Amino acid sequence: MRLARIETESGPVVGRYEDGVVHPIDGSGDTDDTDDSTYEVGVDGDLLPPCEPTALYCVGRNYAETLEQMEYERPEEPDFFIKPPASLLAHEEPIPYPDFTDELTYAGELAAVIDEECHDVAEDEVSEVVRGYTIMNDVDALDQQGRTARKAFDGSGPLGPWIETELDATETELEMHTDVAGERRQEATTNLMLFGVAEVVSYLSKRFTFQPGDVVAFGSPANPGLVEPGDTIEITYEGVGTLRNTVAETTD
């Protein structure tokens, strides 16, 4: 099932996404029989980020191709940083081009959404605490000093378009690609990760208590090139979907 959130006149609605329409569900995840409303995306409202995380935990340097391109040393354990909720953008929402950078780039990443409060999760239990998978664009201001300045600003975390709940990325190899302004920029499979999905989630859970809706992103293959105002970035993960955002002219 594809779980989506949509902004409506009466507020955010969570539901099953199908063919451009969101069908409300109840707290158990079943179709809400007390609500016969449906919401057409783009007509009745726009998609929101598919979850409300307290934090986005992002793993970097997780593909050998990236290490070679950036001349990084191979990490001995997952190398991570955190984006705040203020970094979130929805599918199709414009990405601001901050006035403090001249080098804005992207990274197409698979992301897990945590389903329950949990801590110290064993690798073989990870699939039990993950609600499903979505896509994140790790927007990066390369010319800033330090990871927080580079990666944790407003609009640096486009996420969506929905959560695919029927995918288990701990067991499935996924193909991905990223197109920028119609040009193929990234193409890889998740089996090229240095640290797999279960290993990353378990590792981070030993250091943080995850909350429902928290996001864990698993890094990106080599990232060739910058983006410019007007560029549309489309990130596709097999079995999940395509996250699409266009770089805006200003931060307004």
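1. Buried means under 20% relative accessible area, exposed over 50%, and partly exposed in between, with a 1.4 Å probe and protein chains only. At 0%, Phe210 counts as buried. Tyr57 is buried too, at 6%. Phe80 is partly exposed, at 26%.

2. This is a predicted model: local features need pLDDT of at least 70, side-chain atom pairs count only at pLDDT 80 or more, and totals for chains, interfaces and linings use all residues. Residues are numbered from 1 along each chain as its sequence is written, and side-chain values use heavy atoms, with hydrogens and water left out.

3. Rings of Phe, Tyr and Trp (its six-membered ring) pair if their centres lie within 6.5 Å; planes under 30 degrees apart are stacked, over 60 edge-to-face, the rest tilted. Tyr57 and Phe210 are edge-to-face, because their planes stand at 70°, with ring centres 5.3 Å apart. This pair links distant parts of the chain, 153 residues apart: Tyr57 is in strand β6 (residues 56–60), Phe210 in the loop between α4 (197–205) and β16 (215–217). Helices (H or I, at least four residues) and strands (E, at least two) are DSSP runs, numbered from the N terminus.

4. Phe80 and Phe208 are also edge-to-face, with centres 5.7 Å apart and planes at 85°. Phe80 sits in strand β7 (residues 79–83) and Phe208 in the loop between α4 and β16, 128 residues apart.

5. Tyr57, Phe80, Tyr203, Phe208 and Phe210 form one aromatic cluster. Arg207 lies over the face of Tyr203, 3.7 Å from the ring centre. The criterion is NZ of Lys or CZ of Arg within 6 Å of the ring centre and within 35 degrees of the ring normal.
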